[in-house]
Amino acid sequence: MFLQTFFSIICLSVLSFSNLSAQIIHIHVGEEEREINLSEVDSISFADSEPHFQYEVAGPVMSILISGALLNDESLVTNDEVGIFNPRGICSGGSLVPETFPEEPMGLGAFMGDQGEDRGFQPGEELDFRFWDASARLEYVAEADLIEGRELIWVGNGFIRIALHAGEE
């Protein structure tokens, strides 16, 4: 798997600074090369120690069932992650993609924060989703399509079923 080995040297080169949507990064590891469009990337990490998306568990929680999660028209795979973020950009829930996905949907909890605190959701706030591509070590902003439920907003003890997608379409 690309980028899952320990690196002693990583060579990065940005091809264009004049147009953000055209910025490409090339990652060379030995004879392998990977090209990444920076306009689709939120963060890059090379650590393996813990899940990428970190959050505090609190209650109440909104239950989210994810029926599909596509990155560049391919399903997320085991060890990838889905994170849910409040409007302030704070991760308020996350889940590793299980081996049974996408044959079986995966669950995700979106946790409420204490009143007046940035962490967690407050009632009525919009839900924002991100993917962590474990093999590429990249984070992507994902769009949600509502399959079941009323809205893509946080409701204590609420439930929605969604499909997610990110990348080129």
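Here is a short walk through this predicted model, one selection at a time.

**Start with the confidence colouring**

Colour the chain by pLDDT before picking anything. The chain averages 79, with 69% of its residues at 70 or more. Go to strand E12, residues 159-166, where confidence is highest at a mean of 97. Then jump to strand E1, residues 11-14, where confidence is lowest, with a mean of 36. Residues 1-21 all stay under 50, though the model still gives this stretch 41 contacts beyond four places in sequence.

**Select Glu-81**

Next stop: Glu-81, which sits in strand E7, residues 81-85. Glu-81 is buried and has no salt bridge. Which side chain of opposite charge is nearest? That would be Arg-137, 7.3 Å away. Now show His-52 as well: its backbone nitrogen is 2.7 Å from a polar atom of the Glu-81 side chain. Want to see who else is around? Setting aside neighbours within four places in sequence, the contacts of Glu-81 include Pro-51, Phe-53, Leu-76, Val-97, Arg-130 and Trp-132.

**Follow Phe-53 to its ring partner**

The whole structure holds three aromatic pairs. In this one, the ring centres are 5.5 Å apart and the planes meet at 80°, so the pair counts as edge-to-face. Phe-53 belongs to the loop between strands E4 (43-44) and E5 (61-71), while Phe-85 is in strand E7, 32 residues apart. Both of these residues are buried.

Now select Tyr-55 and Phe-111. Their ring centres lie 5.9 Å apart with planes at 15°, so this pair is stacked. Tyr-55 is in the loop between E4 and E5, and Phe-111 is in strand E9 (residues 106-111), 56 residues apart. Are these two buried or exposed? Tyr-55 is partly exposed, because its relative accessible area is 30%; Phe-111 has 13%, so it counts as buried.

**Finish at Arg-88**

With a relative accessible area of 33%, Arg-88 is partly exposed. What does its side chain reach? One end point is the backbone oxygen of Gly-120, at 3.0 Å. There is also a polar contact with the side chain of Glu-125, at 2.6 Å. Finally, display Asp-128: Arg-88 and Asp-128 are 40 residues apart in sequence, and their C-alpha atoms are 9.9 Å apart in space.

Key: Residues numbered from 1 in each chain as written. Heavy atoms only, no water. Helix = DSSP H or I, 4+ residues; strand = E, 2+ residues; numbered from the N terminus. Buried < 20%, exposed > 50% of the residue type's maximum accessible area, 1.4 Å probe, protein only. Lys, Arg positive; Asp, Glu negative; His and termini not counted. Salt bridge = Lys/Arg side-chain N within 4 Å of Asp/Glu carboxyl O. Polar contact = N/O pair within 3.5 Å; in protein donor to acceptor, adjacent residues only side chain to side chain. Contact = heavy atoms within 4.5 Å. pLDDT = per-residue confidence, 0-100. Phe/Tyr/Trp six-rings, centres within 6.5 Å; stacked < 30°, edge-to-face > 60°.
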